[in-house]
Amino acid sequence: MRFSRGLRGLIRDLLSDDIVARKRAGEMLSRARDPETFVALIEALGETDDRELRYYILCLIGNVVRNNKNVLEGLKGTGLIEKIIGVTSKLDDFMLYKLTTLYLYRIGDPRLAPVLFETARRLKSEYCAATDETVDIIEGFIRMGSSVVDVLIGALGDRDPCIRHIAVIALGYIGDGRA
């Protein structure tokens, strides 16, 4: 799926060094409410190493979600999920954690299961044991429901105790008989 020329131009301006163009693009993007803009902003996160700009983009993503309460649920089952997955490997640990625990877990698309697991893998083990740090990841698996039970059962044999911890709790809440 390709984004419109106008959206691509706004993202280009957002990522530019031109402060005026960046501000104008940010103002326009902050009023958006569509899934394409949500995903284009996530892609923009993966295109910059500028920490301040990444935080700004994260705020813009929040505006899109506030402007359309159904934007996250509307992504489930669409081709845009693949674009999100493609970007996550470009994100540092903190930005992946923020993106996952603020937004991605709420989508409920089973194709995001590897992203949730990768987010958990990047947590330090002492944070994984603290359920507060993993509750959104667990909720993401619960939202995916029985479609991820086999993946979660497979995760019970993972070397990473954090992954096993999350799988056990999520399986308990999903309550599928296969577990």
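Predicted model: local features only at pLDDT ≥ 70, side-chain atom pairs only at ≥ 80, totals over all residues.
At its N-terminal end, α2 is capped by Asp18, which places a side-chain oxygen 3.0 Å from the backbone nitrogen of Val20.

Is Asp13 buried or exposed? With a relative accessibility of 16%, Asp13 counts as buried, because the cut-off for buried is under 20%. Leaving out residues up to four places away in sequence, Asp13 touches Ala21, Arg22, Arg24 and Ala25. With one of these, Arg24, there is a polar contact between side chains, at 2.5 Å. For a sense of distance, compare Asp13 with Val149: they are 136 residues apart in sequence, and their C-alpha atoms are 42 Å apart in space.

Arg54 is another buried residue, at 6% relative accessibility. Which residues does Arg54 touch, if we skip those up to four places away in sequence? They are Leu45, Thr48, Asp49, Lys90, Leu91, Asp92 and Met95. Two of those names lead us on to α7. Asp92 sits at the start of that helix, with a side-chain oxygen reaching to within 3.3 Å of the backbone nitrogen of Phe94. Met95 is one of the buried residues of α7, which runs over residues 93-102; the others are Leu96, Tyr97, Leu99, Thr100 and Thr101.

Now for the interior. In soluble globular proteins, nonpolar side chains tend to be buried together. Here, the largest nonpolar core has 59 residues, and those with the most contacts inside it are Phe38, Ile61, Ile84 and Phe141. Take Ile84 as an example: setting aside neighbours within four places in sequence, Ile84 is in contact with Phe38, Val39, Ile42, Leu75, Leu104, Ile107 and Leu112.

Phe141 has a story of its own, in the aromatic rings. The count of aromatic pairs comes to three. One of them is Phe117 with Phe141, a tilted pair at 4.7 Å centre to centre, with 40 degrees between the planes. This pair links distant parts of the chain, since Phe117 is in helix α8 (residues 113-121) and Phe141 in helix α10 (residues 131-144), 24 residues apart. Both partners are buried: Phe117 has a relative accessible area of 9%, and Phe141 has 0%.

Finally, let's zoom out. How many helices and strands does the chain have? There are twelve helices and zero strands. The radius of gyration is 17 Å, close to the 16 Å that the globule rule gives for 179 residues, so the chain is as compact as a globular protein of that length. Along the principal axes, the C-alpha atoms fill a box of roughly 55 × 30 × 25 Å. Buried residues make up 47% of the 179 residues. And among contacts between residues at least 6 apart in sequence, 70% join residues at least 24 apart.

Conventions. Residues numbered from 1 in each chain as written. Heavy atoms only, no water. Core = buried A, V, L, I, M, F, W, Y, C linked by side-chain atoms within 4.5 Å. Buried < 20%, exposed > 50% of the residue type's maximum accessible area, 1.4 Å probe, protein only. Contact = heavy atoms within 4.5 Å. Polar contact = N/O pair within 3.5 Å; in protein donor to acceptor, adjacent residues only side chain to side chain. Helix = DSSP H or I, 4+ residues; strand = E, 2+ residues; numbered from the N terminus. Phe/Tyr/Trp six-rings, centres within 6.5 Å; stacked < 30°, edge-to-face > 60°. Rg over C-alpha atoms; globule rule 2.2 N^0.38 Å.
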